[in-house]
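Trainee: I would like to go through this structure one step at a time. Please show it first.

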There are 2 protein chains.
Amino acid sequence: LPKLESDKFMTPKIAITLGDPAGIGSEIILKALNSQFDLAFEPVIIGSKPVIEKAASQFDLPIPDVEIIDACEVDIRQLEWGKLSEEAGKLAAESVILAAKMAMTNEVDAMVTAPINKEAIQLAGYDFPGHTELLADLTNTQNFAMMLAGGNLKVILVTTHLAIKAVSQQLSTKKIYNKIKVADDALKKYWKTDNPIAVCALNPHAGEHGLFGSEETDIIEPAVEQARKEGINVTSPLAADTLFVSANAGKYAAVICMYHDQALIPLKLVAFGKGVNITLGLPIIRTSVDHGTAFDIAGKGIADEGSLVEAINAAIHMATVNALKNEN
Amino acid sequence: LPKLESDKFMTPKIAITLGDPAGIGSEIILKALNSQFDLAFEPVIIGSKPVIEKAASQFDLPIPDVEIIDACEVDIRQLEWGKLSEEAGKLAAESVILAAKMAMTNEVDAMVTAPINKEAIQLAGYDFPGHTELLADLTNTQNFAMMLAGGNLKVILVTTHLAIKAVSQQLSTKKIYNKIKVADDALKKYWKTDNPIAVCALNPHAGEHGLFGSEETDIIEPAVEQARKEGINVTSPLAADTLFVSANAGKYAAVICMYHDQALIPLKLVAFGKGVNITLGLPIIRTSVDHGTAFDIAGKGIADEGSLVEAINAAIHMATVNALKNEN
């Protein structure tokens, strides 16, 4: 990254949310903040000081010399490793809400989230299926997209948790166009890349001229045309198997994927447990680990902080590029 | 590989078919036979001596000191680089037919095929969509499977060139069982592996207990149960995105895939243009390049022989393991 003229954003301030306190969040935060980063940043842990202190003691890790903010009062006697609870759900949700507010008011430059448990936050009365929807609501965002990044790949999903047989009927030109648009805005803002955005075909060999499937012509191509009319540099729908070879070689800014496994098979293969989840389209910078609360191994000290480290790295990168842009 | 007691199979004899003479077959055969192989083998080129001589002259490559058998008479004046023709289709098909006969009668230990053009062989009156169906017919084989190998991955396709929206309705317990069975037989015979065969789920997260898709429970699991009853070591349907991380680490003998891109995205990403196509279930050993005739670059001298080299390596491996087994 180019050096900034001012010192203001040289060390971006990054809120890291605790996640569900019954999960591996506290452990991976402590491990991550005790590791080396290439770029400087100022972390702020949003969650609960008692939870962090208890985890530091349990995992025999030093408490990092950073600000730790309590998102709400919590009775830590009610928290148990791997146990679903309203108390845990409330702390998880309030941590996200506070971090988002701090990002909206520029008290922090980005937020990085540890995993939450859907059932726990719903038990606590927060009616959202996950982080993304909660953040969209808090920031009044309609058009957003989930991007996963790892290695040389950045993948954006048009459909997510959906049966394969339902994918075709759930695709629409508008949905695909919206993902291309959100991706293009974010890639220009936070990555400053001139590479084209690649668009996956739905069918093998991109349907081979309609021989097996016509969604390429009927649904995807019109979305590409619309984006091109607005000056967005985007490919026609390409056969996904060969596309990812080029994408992995660094040819594309990002890849728009029609279904979950089309994106996640190559991403996981390339990123080896170091994938980062980035929500595009929000007015704030938000990155996340690409895994869940891992209740099955919570409290055991064996959780891997790799994805959180990469999520923090991505947030630092995005915040720095954004600061540079605002300065120029 | 362990050393054989007898000398008989120490250098397996391998038929290499020319492919469509208007394509890149002759070029990649000459390049491959002028490269170094780790294991010794005795190649026999099946096709046309005049075509090989012409290519050697054009690409300035030495004619390797190996047997070259004419599969049929051919008027080479009618052959033109990149041009679809009946003459080319006839030579391509007759080369495959002759090599298959030689493999059936043990004159060769394996056959490796360069790419043919479907339209050309059909112009010449051979009513088959490709190599696999032609070989199945010649060897009277009902149950066969297409396996692609590269890096640490071996993938077997249950459905191939099919629109994504049609995949679910085309899957059946019987089809999946048949692929598992053919794969298990071949893996034991030619690779002597004890690793389990992995089976991909169709839906993301393997359907997450029926939340998005039930083909895992309704169609795939019964095929797995049937295979297990016969003593085959095979996994339950696993989420494809995480499965390929383990597969790439060498955990599985092979991966049964429900649709084309589920197999080809990871394979191409890992194999970088060095994938090998292996037909399982035939009474003979047949491997192939994983690319087409490349009419667009035929005659230009820029074709990459990587996939053919790997196809020959795979054939040597399979023939040697098979010989060792027959000897013991």
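Trainee: Do the copies meet through the same surface or through opposite ones, and what share of the interface residues of chain B are also interface residues in chain A?

Mentor: This is a predicted model, in which local features need pLDDT of at least 70, side-chain atom pairs count only at pLDDT 80 or more, and totals for chains, interfaces and linings use all residues. Residues are numbered from 1 along each chain as its sequence is written, chains are lettered from A in the order in which they are written, and side-chain values use heavy atoms, without hydrogens and water. Contact means heavy atoms within 4.5 Å, and 31 residues of chain B touch 31 residues of chain A in this sense. The copies meet through the same surface, because the share of chain B interface residues that are also interface residues in chain A is 100%.

Trainee: Which side chain meets Asp241(A) in a salt bridge?

Mentor: A salt bridge is a side-chain nitrogen of Lys or Arg within 4 Å of a carboxyl oxygen of Asp or Glu. Between chain B and chain A the count is 2. For Asp241(A), the N to O distance is 3.6 Å, and the partner is Lys268(B).
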